[in-house]
Amino acid sequence: MAELLASYSLALDLGLGQPMEHLLRAWQIADRLADHLETDVDRQSLFYISTLAWIGCVTDAPEVAAVFGDDIAFRADTYNADVGGLSGMRFFLGHAGAGGSSAMRLRSVATVVATGGRRIASGIQSHCLTTSALAGELGIGSGIGPALQQFFARWDGKGIPAGVGGADIDLGVRLFHLADVVEVYHRMSGVAAAVEVADARRGTQFDPELVDVFRAHAAEILPDDSNPSDPYELIRSAPRLAVPLTECEFDEALTALADFTDLRSPSRAGHSRGVSQLAGHAAELMRLPADVVTVTRRAGLVHDVGLHGVPSMILDKSGPLSQTEIERMRMATYYTERVLVRPEALGRVGAVAALAQERMDGSGHHRGLLGSAIPVPARILAAACAFRTLAEPHSGRSAMTAKQATTELRAEVRAGRLDGEATDAVLAASGSPSKRRSGPAGLTPREIEVLVMIARGATTNSVAHQLGIAKKTAGTHVERIYVKTGSTSRATATLFALRNGLIDPMDL
Ligand SMILES: [Fe+2]
């Protein structure tokens, strides 16, 4: 789990506008700072807080982009400011409408002023909530969820939730707050700059006691770039982090992280799960060995992890992309490769995942490989990703029907870009019921079945009757579906199912 989260944190670094390993370095700083404290710090929690805390920012990326333009540039700049109270408002106003026309700037400034920053606050709250929900989905210790809810709190109480401050903030979170910022200043400008920023925000953003300890030991705490330590080695040697996952837990964790990647863009909900199911089933239909089927399926889950490095405003742009924007999109598969290169368990998966945009005629990216150099699982993945992308609304166009997407894919085969056999298998897989066997929000196959029934108006009693299960069991399924989908009524559950492609409107 720790190795997987370490890799995923590299993708989060990209979304924060920082070089890869920023969060891992921040974790090491926080961990070393903890060595100098008299209070005991839960080191396992500290690692999870450091690698997970920022993950929720993907959920408000589209909202951030709507007001502040390039969400990645905006995140990168937040490190330069003490974003609390009035100075926070000044920071937000200074960035409203960034990169847009003067009319857009004015509109965005007006939005920030008119809502008194409430929209920003609600975005941040959704950030915290989804992050702690993910910790729950990953089965990470129960202490982490509440701590992650305090990620935007500040020592002076001027953060979110308002009024929560001082020692009420989890110690692990306080350590990470300091480490996250000093890592950037140390990397950019050295030890003195790191100490200076810690001092400048002592008692506002940061716990004054932690700043004092940091100042006294900064040179030992900050990473020594002439003798870098390997974070993966550190993880493997830490007994509380070196907890192995079962194959099933590994799949569940990859799926949870896949959903978070897809949250970067509303039109992509369920994309990675969908590609994974389609590609895995197609690999089975092609009678590939079981281990290759598993690699293909897992590659589907992680193939778009590199999209964390692409600003939300490019992912959601309606209309054609500029040349510069296309170049940024093309970087995504390279990022995917770099993010997944380290842990052994992800080695083969990452190698396939990074080839999702290669094309048989060499016109793909980022390597521009020719067909003979593209392994079969990657050919399947390319066809599966292309199919799902066409079936989703993108760049201002509405989603294609399965029939239209099939026609498009066949044209790609004729043009020599997609492999014929792999595409046939993907199209065969897309027509089989297996495409609905699992879904977003961690719904199990049975829960999806029940959700579809509820959407069609079934009561708990009739669900129990139709499935031949006890009323109590049916009731438990319904409760779990509501919790997982965040629904409060049949209507919202139905909307969830429709938005996630769990119900074919033609069936209703
Ligand atoms: Fe994709």
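**Close-up views of a predicted all-residue model**

**View 1. Helices H2 and H10 pack against each other.** Helix H2 (residues 22-35) meets helix H10 (residues 171-189) at an angle of about 125 degrees, and their axes lie 8 Å apart. Axes are lines fitted to C-alpha atoms, for helices over the stretch in contact, and angles run from 0 to 180 degrees between N-to-C directions. Helices are DSSP runs (H or I, at least four residues), numbered from the N terminus. The angle makes H2 oblique to H10; under 35 degrees counts as roughly parallel, over 145 as roughly antiparallel, 65 to 115 as roughly perpendicular and the rest as oblique. On the H2 side, the contact includes Ile29, Ala30 and Leu33. On the H10 side, it includes Leu175, Phe176 and Ala179. Contact means C-beta atoms, placed from the backbone, within 7 Å.

This is a predicted model: local features need pLDDT of at least 70, side-chain atom pairs count only at pLDDT 80 or more, and totals for chains, interfaces and linings use all residues. Residues are numbered from 1 along each chain as its sequence is written.

**View 2. Leu222 sits in the loop between H12 (208-221) and H13 (231-237).** Leu222 counts as buried because it has 24 C-beta neighbours inside 10 Å. The cut-offs are 20 or more other C-beta atoms within 10 Å for buried, 12 or fewer for exposed, and partly exposed in between, with C-beta atoms placed from the backbone. Leu222 touches Ile29, His186, Val191 and Ala194, leaving aside residues up to four places away in sequence. Its C-alpha atom is 9.0 Å from that of Leu33, 189 residues away along the chain.

View 3. Glu21 is partly exposed, because it has 19 C-beta neighbours inside 10 Å.

Terms used. Helices (H or I, at least four residues) and strands (E, at least two) are DSSP runs, numbered from the N terminus. Two residues are in contact if their C-beta atoms, placed from the backbone, lie within 7 Å.
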